Structure formats: C-alpha cells, structure tokens
Amino acid sequence: MNHSNQTPEVLTRKEAASLIRVCLTSLDKMRLPVVRIGRRVFYRKTTLEAWLSANEHIKQTQGGKND
C-alpha cells in the first residue's frame with residue numbers, strides 16, 4: 001500500500017536525486033546499484049538511505065569555535 005505522503009520503496013532517477021539532494025548528472029556519476037525494468041531505471045530507497053548513512057560525518061570544530 002502506498003500513501004501519498006510516504007516515499008515509495010523504488011524511486012525514479014529524478015526522485016532519487018531529489019531525495020539525496022544532488023543533480024541527475026551527479027547521481028549518474030555515483031554509480032549506485034539500480035533496478036532496471038525494461039529501459040526504465042529505478043533506485044531502491046533503502047540503497048540511497050544506506051549510502052547517506054555511509055557518507056555521514058560528524059562536523060569537527062576548530063579550536064572550540066562553533067562554525
């Protein structure tokens with residue numbers, strides 16, 4: 001069941017790029033795993049969430065100052 005206020009489990013290129021806030025060109029360069037149905041390309045939401053988690057870093061402050 002898909003509710004309009006929830007992100008679907010499989011996303012189009014445009015939806016995937018929007019979710020991780022990059023342009024389509026950057027998304028294509030990332031070479032993330034995709035699901036192909038015919039000529040259509042989809043990204044699993046879980047794959048994108050895992051990529052975000054793997055690339056999450058804690059911002060370090062210098063000299064105790066807040067940046």
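A nonpolar core is a set of buried Ala, Val, Leu, Ile, Met, Phe, Trp, Tyr and Cys residues joined through side-chain atoms within 4.5 Å. Buried means under 20% relative accessible area, exposed means over 50%, and partly exposed lies in between (1.4 Å probe, protein chains only). This report describes a predicted model, in which local features need pLDDT of at least 70 and side-chain atom pairs count only at pLDDT 80 or more, while totals for chains, interfaces and linings use all residues. Residues are numbered from 1 along each chain as its sequence is written, and side-chain values use heavy atoms, with hydrogens and water left out.

## Overall layout

The protein chain has 3 helices and 3 strands. Helices (H or I, at least four residues) and strands (E, at least two) are DSSP runs, numbered from the N terminus. Along the sequence, these elements follow the pattern β-α-α-β-β-α. The chain has 67 residues, of which 16% count as buried. A contact means heavy atoms within 4.5 Å. Among contacts between residues at least 6 apart in sequence, 46% join residues at least 24 apart.

## The sheet

The 3 strands form an open sheet in the order β1-β3-β2, with antiparallel pairing. Two strands pair if DSSP finds at least two bridges between them. The edge strands are β1 and β2 (35–37), each of which pairs on one side only. From one strand to the next, the twist averages 40°. Axes here are lines fitted to C-alpha atoms, for helices over the stretch in contact, and angles run from 0 to 180 degrees between N-to-C directions.

β1 and β3 run antiparallel and are joined by 3 bridges. In this pairing, L11 has Y43 in β3 as its bridge partner. β2 and β3 also pair in the antiparallel sense, over 3 bridges. Here I37 stands opposite R40 in β3, and R36 stands opposite V41 in β3. The hairpin of β2 and β3 has 2 residues between the strands, and G38 in this hairpin takes a positive phi near 65°.

## Helices against the sheet

Helix α1 lies across β1 and β3 and runs at about 100° to β1. Helix α3 packs on the sheet and touches β1 and β3, its direction making about 55° with that of β3.

The buried residues of α1 are A16, A17 and I20. Seen down the axis of α1, these residues fall within an arc of 100°, so they line one face of the helix. The arc is that of the directions from the helix axis to the C-beta atoms. What covers the buried residues of α1 includes β1 (10–12), α2, β3 (40–44) and α3. Just after α1, R21 takes a positive phi of about 60°.

In soluble globular proteins, nonpolar side chains tend to be buried together. In this model, the largest nonpolar core has 9 residues: L11, A16, A17, I20, L27, L32, V41, Y43 and L48. Both α1 and β3 supply at least two residues of this core. The largest share, 3 residues, comes from α1. Leaving aside its neighbours within four places in sequence, L32 is in contact with L27, Y43, L48 and W51.

## Salt bridges

A salt bridge is a side-chain nitrogen of Lys or Arg within 4 Å of a carboxyl oxygen of Asp or Glu. A search of the whole structure finds 2 salt bridges.

| Pair | Closest N and O atoms |
|---|---|
| D28 and R13 | 2.8 Å |
| E49 and K45 | 3.8 Å |

D28 counts as partly exposed because its relative accessibility is 38%. R13 has a relative accessibility of 30%, so it too counts as partly exposed.

The other pair lies within one helix. E49 and K45 are 4 residues apart in helix α3 (residues 45–54), so about one helical turn separates them. With a relative accessible area of 36%, E49 is partly exposed. K45 counts as buried because its relative accessibility is 18%.
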